[in-house]
Amino acid sequence: MILADKITNLRKKAGWSQEELAEKLGVSRQAVSKWESAQSVPDLNKVLLLAKTFGVTTDYLLRDECEEPEEEAQPEALDDLGEKLLPVSLEEANAFLTLERALVPKTAFGVFLCIESCVPLLLLIGAQEAGRIRMTEEQASVSGIALLLLLVAGGVFLFVTGGMRREPYEGLRRESLDTAYGVEGLVREKREAFRDTRNRGIAAGVLLCIISAIPVLLVQVLPGAGENAMLNCVSVSLLLLLVGIGVFGIVLVSGVWESFQVLLEEGAFTRERKRSSRRYGGIYWSLVTALYLLISFLTGAWQSTWVVWPVAGILWAVVSQLSCLQEAGKGR
């Protein structure tokens, strides 16, 4: 393998563009491009800097017969409690971040579809009551419910397919991590570059959620508008649309931000919270499942007993937080 190929492979493995590598080396992008296409060769000082930047030897870079350096066998990494750590290479970290960048918009759109699922039902009922469409009340309701279920199904499809693609990286969210050299610095650099986008996205999303009530308030204030069924349905639909767009933006930037937290083991992914989840999660969700099935079979109200799951999710967040506080107390 020649020097040009080695520079290209090492750059891609680190997840850097030619511009990013050029900035680290203090050269132009054109210089990096010429090195990688074998149109020119870096001088000795730049070879030394390349070796330091990529964490390899100059011997590896300069000798054509010298292939990828073999990684030395490392002792099994353990955390402060003696538990095994999950090794994460720079290549794996980049692959995870790239996947999340691709999947987060789909997750956000799935949430948007679920929020907007009631809109067709509202508009059809309002239009039927106002005599705008030739449908009976029953036909309007059935059509609206059908569209509601279709939109929810679309959202659930995006959630499920996204979850399936995330399966290879589930260990990053559950296990304590042993990140390779350079991973933490790379993730922090990407996170800082994304910080302003995240702050703007959350601010815009919250603002949209706040002003979403304006259409409904205007209908209540305008003389006679409150008695207009069609106008009421349209105002609520606009409210849901603004909320949906706002939540879409919040989920979009929060999902990308969360991927950084996963690798840095911060926020909801600290080692204390992961231990808490492993310790109590299996028992808790088994009990929730048993309770859901018991209530559903006894009452036969399968259409409404699903509420057990969001309630259980909220309770689990409380349980996790209490467990984290307990771990922190022991640490002192």
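This briefing describes the helices, nonpolar cores and selected residues of one structure.

The structure is a predicted model, in which local features need pLDDT of at least 70, side-chain atom pairs count only at pLDDT 80 or more, and totals for chains, interfaces and linings use all residues. Residues are numbered from 1 along each chain as its sequence is written, and side-chain values use heavy atoms, with hydrogens and water left out. Helices are DSSP runs of H or I with at least four residues, numbered from the N terminus.

**Helix α12 and the residue after it**

- Helix α12 covers residues 229-264, 36 residues in total.
- From its first C-alpha to its last, α12 reaches 52 Å, close to the 52 Å expected at 1.5 Å a residue; the expected span is 1.5 Å times one less than the number of residues.
- Leucine 238 is placed in α12 and is partly exposed, with a relative accessible area of 40%; buried means under 20%, exposed over 50%, and partly exposed in between, using a 1.4 Å probe and protein chains only.
- Leucine 238 and alanine 213 are 25 residues apart in sequence, and their C-alpha atoms are 8.8 Å apart in space.
- Glutamate 265 follows α12 and lies in the loop between α12 and α13 (271-299).
- Although glutamate 265 is not a glycine, its phi is positive, at about 55 degrees.
- Glutamate 265 counts as buried, at 15% relative accessibility.

**Nonpolar cores**

- A nonpolar core is a set of buried Ala, Val, Leu, Ile, Met, Phe, Trp, Tyr and Cys residues joined through side-chain atoms within 4.5 Å.
- The largest nonpolar core has 21 residues, and those with the most contacts inside it are Phe96, Leu172, Val187, Phe260 and Leu263.
- At least two residues of this core come from each of α6 (90-116), α10 (183-211) and α12.
- Helix α12 gives the largest share of this core, seven residues.
- A second, separate core has 18 residues, including Ala14, Leu21, Leu50 and Phe54.
- Leucine 263 is in contact (heavy atoms within 4.5 Å) with Val88, Ala93, Phe96, Leu97, Leu172, Leu177, Thr179 and Val187, leaving aside its neighbours within four places in sequence.

**Arginine 191**

- Arginine 191 is found in helix α10 and is buried, with a relative accessible area of 9%.
- Its side chain makes a polar contact of 2.5 Å with the side chain of glutamate 266; a polar contact is a pair of N or O atoms within 3.5 Å, where within protein one must be able to donate a hydrogen and the other to accept it, and residues adjacent in sequence count only if both atoms are side-chain atoms.
- Leaving aside neighbours within four places in sequence, arginine 191 is in contact with Trp257, Phe260, Leu264 and Glu266.

- Alanine 22 is in helix α2 (residues 18-25) and counts as buried at 3% relative accessibility.
- The C-alpha atoms of alanine 22 and valine 32 are separated by 6.3 Å, with the two residues 10 apart along the chain.
- Not counting residues up to four places away in sequence, alanine 22 touches Val27, Ser28, Arg29 and Val32.
- Alanine 38 is in the loop between α3 (29-36) and α4 (44-54), and its phi is positive, near 65 degrees.

**Cysteines**

- A search of the whole structure finds zero disulfides, a disulfide being a pair of cysteine sulfur atoms within 2.5 Å.
- The cysteine sulfur closest to that of cysteine 114 is in cysteine 118, 9.9 Å away, which is too far for a bond.
- Cysteine 114 is partly exposed, with a relative accessible area of 28%, whereas cysteine 233 is buried, at 13%.
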